[in-house]
Amino acid sequence: EGKIISSINGVVTNIHVEEGSFVNTSNPSFVISNVEDLAIEINVSEYDISKVKVGQEVEIQTDALAGKVFKGVVEKISPVARNMSTSQTNETVVSVTIKVEETDDVLKPGFSVKTKIICQQKEGVLTVPFDAIMTEVNGAKNVFVVKDDILHKVEVQTGIESDFDIEIIAGLEENDKIVLNPSAVLEEGMKVIVNEKEQEVK
């Protein structure tokens, strides 16, 4: 009997041959995974890749372990971009490799995961949802603030951004009531009725 010896440590996770079948060098007969050294490859949009750096912390979650957050780190950024097409979109992306630094016996190769790269982090700042910001032709950013049921258009200075919120450096104060998704019909000085669609600055 012959022996097949792997050059790496790991677990056989796939077998592509059967007894008596032919093999060739272009198709792997076995897949060996190192379950103790997991990595994740994600695609980052060309518009966001400038924010990503090797060594940045990453938060990793999977539906298989609800509520559990694993730690990771950006290990490698591809030197080239590529085109990625789906049935609805066509965009340019860059491959980013994330090393999983904190593992669990239940975390398996092949799991679908959600990743969050920590590009910047601040504490104790004011934030508002992106939907509240109105960007003018000249680049100025404004929000509608409600005081005594009257709309006031206020220019704001913004800072770092997340997927859904943006930091407010100047222009608003904590507990200001702002309008989400302001429509084009809203104007300075207009009287409004406050409802649940308005949100306090946090």
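## Notebook: salt bridges, strands and patches

I began with Asp 48, which is partly exposed at a relative accessible area of 35%. For this term I note the cut-offs once: buried is under 20% relative accessible area, exposed is over 50%, and partly exposed lies in between, with a 1.4 Å probe and protein chains only. I keep in mind that this is a predicted model, in which local features need pLDDT of at least 70 and side-chain atom pairs count only at pLDDT 80 or more, while totals for chains, interfaces and linings use all residues. Residues are numbered from 1 along each chain as its sequence is written, and side-chain values use heavy atoms, with hydrogens and water left out.

**Entry: salt bridges**

I searched the whole structure for salt bridges and found four; the term stands for a side-chain nitrogen of Lys or Arg within 4 Å of a carboxyl oxygen of Asp or Glu. Side chains of opposite charge can pair when their charged atoms come close.

Asp 48 takes part in one of them, with Lys 51 as its partner at 3.8 Å from N to O. Lys 51 is partly exposed, its relative accessible area being 41%.

I then turned to Asp 37 and Lys 99, whose side chains meet in a salt bridge of 2.8 Å, N to O. Asp 37 lies in the loop between strand E2 (30–33) and strand E3 (39–45), and Lys 99 lies in strand E6 (residues 90–100), so this pair ties together parts that are 62 residues apart in sequence. Strands here are DSSP runs (E, at least two residues), numbered from the N terminus. Asp 37 counts as partly exposed at 42% relative accessibility, and Lys 99 also counts as partly exposed, at 27%.

The next pair I looked up was Glu 136 with Lys 153, a salt bridge of 3.4 Å, N to O. This pair links distant parts of the chain, with Glu 136 in the loop between strand E9 (134–135) and strand E10 (141–147) and Lys 153 in strand E11, 17 residues apart. Glu 136 is partly exposed with a relative accessible area of 29%, and Lys 153 is partly exposed with 40%.

**Entry: the strands around E10**

I followed E10 next and noted that this strand is mostly covered, since five of its seven residues are buried. I count two strands as paired if DSSP finds at least two bridges between them.

E9 and E10 run antiparallel and are joined by two bridges, with Met 134 standing opposite Asn 142 in E10. The two strands form a hairpin with five residues between them, and Gly 139 in the turn has a positive phi of about 95 degrees.

E10 is also joined to E11, again antiparallel, by seven bridges, and here Lys 147 stands opposite Ile 150 in E11. This hairpin has two residues between its strands, and Asp 148 in the turn has a positive phi of about 55 degrees.

I found a further partner of E10 in strand E13 (residues 177–179), paired in the antiparallel sense over two bridges, where Val 145 has Ile 178 as its bridge partner.

From E11 (residues 150–161) I went on to E12, and the two pair in the antiparallel sense over three bridges. Gln 157 has Ala 170 in E12 as its bridge partner, and a hairpin of three residues joins the two strands.

E12 (residues 165–170) also pairs with strand E8 (residues 126–129), antiparallel, over four bridges, and Leu 126 stands opposite Ile 168 there. Ile 168 counts as buried at 4% relative accessibility.

**Entry: surface patches**

Ile 4, Val 12, Ile 15 and Phe 30 make a nonpolar surface patch of about 410 Å². Ile 15 sits in strand E1 (residues 11–15) and is exposed, with a relative accessible area of 54%.

Glu 57, Glu 59, Glu 75 and Glu 101 gather in a surface patch of negative charge. I located Glu 75 in strand E5 (residues 70–85), where this residue counts as partly exposed at 42% relative accessibility.

Methods
Patches are made of residues with over 30% relative accessible area and no salt bridge: like charges are joined within 9 Å, nonpolar side chains (Val, Leu, Ile, Met, Phe, Trp, Tyr) within 5 Å. Accessible areas come from the Shrake-Rupley method with a 1.4 Å probe; for residues, only the protein chains shown count as cover. Lys and Arg count as positive and Asp and Glu as negative; His and the chain ends are not counted. The place of a charge is taken as NZ of Lys, CZ of Arg, CG of Asp or CD of Glu.
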